[in-house]
Amino acid sequence: MSWTSARTWTTGELVSAAIMNSAVRDNLNALNPGGLTIDLDGNGAVITAGSYTRFQLPFSVCAQQATLIAPGQPSTLQISLCKAPYASLLAPSLITGSSPPTLCAASAAQMTSLSTWTTDWSQGDWIFVNVVGCSGITRAQLGIYWNRT
């Protein structure tokens, strides 16, 4: 998302949601995107498959990009992300669709198109990070970037 020029308001203009979203919300998102980095650490051993960690969102977001790195360790790692509202924590749904964050004989991968992902995450949702499989990697980081909605 990029910055759009400041709007010049006119007397008597009817302000709509679309105008406010473009003039205010979208520009605030361009100025202050968010994100987090999740550390996947096998404590010196190869990272094991299974549920790794989870976190709760304090506000609603739209995921924009994901980056998976394992510096100096070109090998294989696949991550899946699931989400669930508090009311259904035992039945999370897959977020990453058919293109989960994956390293394959590489030490870094960046996903700038999340077209197969469920990218709208609601305030209060729990996000589950799962290691699907790993070979030869002892430590990696998953970065997720988003815009607040």
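**Note on the predicted model**

1. Thr-119 sits in the loop that runs between strand S7 (108-111) and strand S8 (120-121). The model is a predicted one. Thr-119 counts as buried because its relative accessibility is 19%, and the cut-off for buried is under 20%. Apart from neighbours within four places in sequence, Thr-119 is in contact with Val-61, Cys-62, Ala-63 and Leu-114.

2. The structure has 1 aromatic pair. Its members are Phe-59 and Trp-146, arranged edge-to-face, with 6.3 Å from centre to centre and 80° between the planes. The pair joins distant parts of the chain, 87 residues apart: Phe-59 belongs to the loop between strand S2 (50-56) and strand S3 (61-69), and Trp-146 to strand S10 (residues 139-148).

3. The two members of the pair can also be described by their accessibility. Phe-59 has 22% relative accessibility and therefore counts as partly exposed. Trp-146 has 6% and therefore counts as buried.

4. Arg-148 lies over the face of Phe-59, at 3.9 Å from the ring centre. Phe-59 thus takes part in the edge-to-face pair with Trp-146 and also has an arginine over its face. A further arginine placed over a ring is Arg-7, which lies over the face of Trp-9 at 5.1 Å from the ring centre.

5. Helix H1 (residues 17-31) has 15 residues, so at 1.5 Å a residue it should span 21 Å; the end C-alpha atoms are 20 Å apart, which agrees.

6. Which residues of H1 are buried? They are Asp-26, Asn-27 and Asn-29. These buried residues of H1 pack against S10, the strand that also holds Trp-146 of the aromatic pair.

7. The largest nonpolar core has 27 residues, and those touching the most other members are Leu-40, Leu-77, Ile-79, Leu-81, Trp-117 and Trp-121. Two or more residues come to this core from each of strand S1 (34-41), S3, strand S4 (75-84), strand S9 (126-135) and S10.

8. Leu-77 is one of the core residues that touch the most other members. With neighbours within four places in sequence left aside, Leu-77 is in contact with Leu-40, Leu-68, Pro-101, Thr-102, Leu-103, Val-131, Gly-133, Cys-134, Ile-137 and Ala-140. Leu-40, in that list, is likewise among the core residues named above.

9. Two residues other than glycine have a positive phi and deserve a look at the backbone. For Asn-43, phi is near 55°. Asn-43 is in the loop between S1 and S2, and at 71% relative accessibility it counts as exposed. For Ala-105, phi is also positive, at about 55°. Ala-105 is located in strand S6, and its relative accessibility of 65% is why it counts as exposed.

10. Ser-98 is placed in the loop between strand S5 (93-94) and strand S6 (102-106). Is Ser-98 buried or exposed? At 64% relative accessibility, Ser-98 counts as exposed. From Ser-98 to Asn-130 the separation is 32 residues in sequence and 15 Å in space, C-alpha to C-alpha.

Technical notes
Residues numbered from 1 in each chain as written. Predicted model: local features only at pLDDT ≥ 70, side-chain atom pairs only at ≥ 80, totals over all residues. Heavy atoms only, no water. Phe/Tyr/Trp six-rings, centres within 6.5 Å; stacked < 30°, edge-to-face > 60°. Helix = DSSP H or I, 4+ residues; strand = E, 2+ residues; numbered from the N terminus. Buried < 20%, exposed > 50% of the residue type's maximum accessible area, 1.4 Å probe, protein only. Lys NZ or Arg CZ within 6 Å of the ring centre and 35° of its normal. Expected span 1.5 Å × (residues − 1). Contact = heavy atoms within 4.5 Å. Core = buried A, V, L, I, M, F, W, Y, C linked by side-chain atoms within 4.5 Å.
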